[in-house]
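The following questions and answers examine one protein model step by step. Please consult the sequence and the structure while reading.

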Amino acid sequence: TEPPRTGRLALYLLGLRATCPPAEPPRALVTWLKYHLEEDWRGSRQHGHPLTSYYQYGLGVLALCVHRKRVREEVTRRLLAAQHHGRLGHGGSAVDTEAVVALAFTCLERRGLVGARLAAELRAAVLEVSRSMAEAQRPDGTIGNIYSTPWALQLFLARGVCHTEPAFARAVAALLENLDAFGTAATMAQVLPVLHGHSYLDIGSLPCGEEPGTRRAPAGRGGWWCHRGGGWVPISPCWLLADTLTPITIEPPTEAPGNKTVRLVVECAQPWCFELRLYDQQVSVPAAASLLDVLRAATTQEPRFMFETQDTPQGPYLTQVLGLEARQEKRNYWQLLTAPSTPLMMGVADYSPHDGETLILRLSEW
């Protein structure tokens, strides 16, 4: 049976609204997304979570809300219960999911698509998520990891606290230092709105058919104003992040000569594994090789080493190593570490280890 396409439909509807279409979205798309939200939840009867993920489920609710379409209260309460009970993931993926869910809650409450009692519960949940993200900020400024940071920033922007939340400025600085990490269409789509001071919630209020001009206030007015509909409208200073950006010229990377040797370790931290360390070998690869190249070289070097990946919009995702599969219903995943215990901030196709580095693939539980 083909899994629900909740996330894909949600992204399509968000993208469709962002292009300022001349009319409402095709009714069939909205109907299909509502259908997939219900089909997705069938997984909870067996596994306790959606068949896809809470991230995709929250994205579906957000997309419908941006189009001002109501969802059943039960659908919203499913997400609310998951947030209350800490079921929204691990590490960076938890930040992604919590932020998407909180954006959906914020949208539902502000659009008046829920009753007063539920709206109050959603506001409280969003405040809790926002506080936890600020408290979880790492010393380097990231929240979760570099890829989840844009989602956290979108939440701060949607709440309008970017000028009062100290974590916001530090996270933006981390993004600007690591823009080269956002090399796929999916990751760019998450970071570009933030760099221009927007969140996905703003898609629902785009001034379609106009070319708004943002500038300093006219004489006699303080702050920043936007010329829309024949008049001046005050805007939040959170929208002006783009004015701090400086264009840069990125030179294509040069091919590094020579080879490097990487130590590759595979560990299983599950109680049903007979031993912790399952594999430990030195792997020789070209100097510019990524972690994915290291894994491929290991299969050539030793036939018993096998791995599998799954294609995602963010790039390849490691799903199986040495026959051990990471499964969402079992709440486990392949954690990528550089020795002794530092989580990698990039995926297998993006991270390039240095010569002599030890990389650990650890089957862990979240």
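Q: In what order do the five strands of the open sheet stand?

A: This is a predicted model, in which local features need pLDDT of at least 70, side-chain atom pairs count only at pLDDT 80 or more, and totals for chains, interfaces and linings use all residues. Residues are numbered from 1 along each chain as its sequence is written, and side-chain values use heavy atoms, with hydrogens and water left out. Strands (E, at least two residues) and helices (H or I, at least four) are DSSP runs numbered from the N terminus, and two strands pair if DSSP finds at least two bridges between them. The pairing in this open sheet is mixed, and the order of its strands is 5-4-11-9-10.

Q: In which sense do strand 4 and strand 11 pair?

A: Strands of a sheet pair through backbone hydrogen bonds, either parallel or antiparallel. Strand 4 covers residues 259–268 and strand 11 covers residues 358–365. R263 stands opposite T358 in strand 11. Over six bridges, the sense of the pairing between strand 4 and strand 11 is parallel.

Q: Is Q270 buried or exposed?

A: Q270 lies in the loop between strand 4 and strand 5. Leaving aside residues up to four places away in sequence, Q270 touches N332, L363, S364 and E365, where contact means heavy atoms within 4.5 Å. Buried means under 20% relative accessible area, exposed over 50%, and partly exposed in between (1.4 Å probe, protein chains only). Because its relative accessibility is 7%, Q270 counts as buried.

Q: What is the handedness of the crossing of helix 7 and helix 9?

A: The axes of helix 7 (residues 149–159) and helix 9 (residues 185–195) come within 9 Å and cross at roughly 35°; axes are lines fitted to C-alpha atoms, for helices over the stretch in contact, with angles from 0 to 180 degrees between N-to-C directions. A crossing is left-handed if the near helix is turned anticlockwise from the far one by less than a right angle, and right-handed if clockwise. The crossing of helix 7 and helix 9 is left-handed.

Q: Which residues of helix 9 make the contact with helix 7?

A: Helix 7 contributes P150, W151, L153, Q154 and L157. From helix 9, the contact is made by Q190, V191 and V194.
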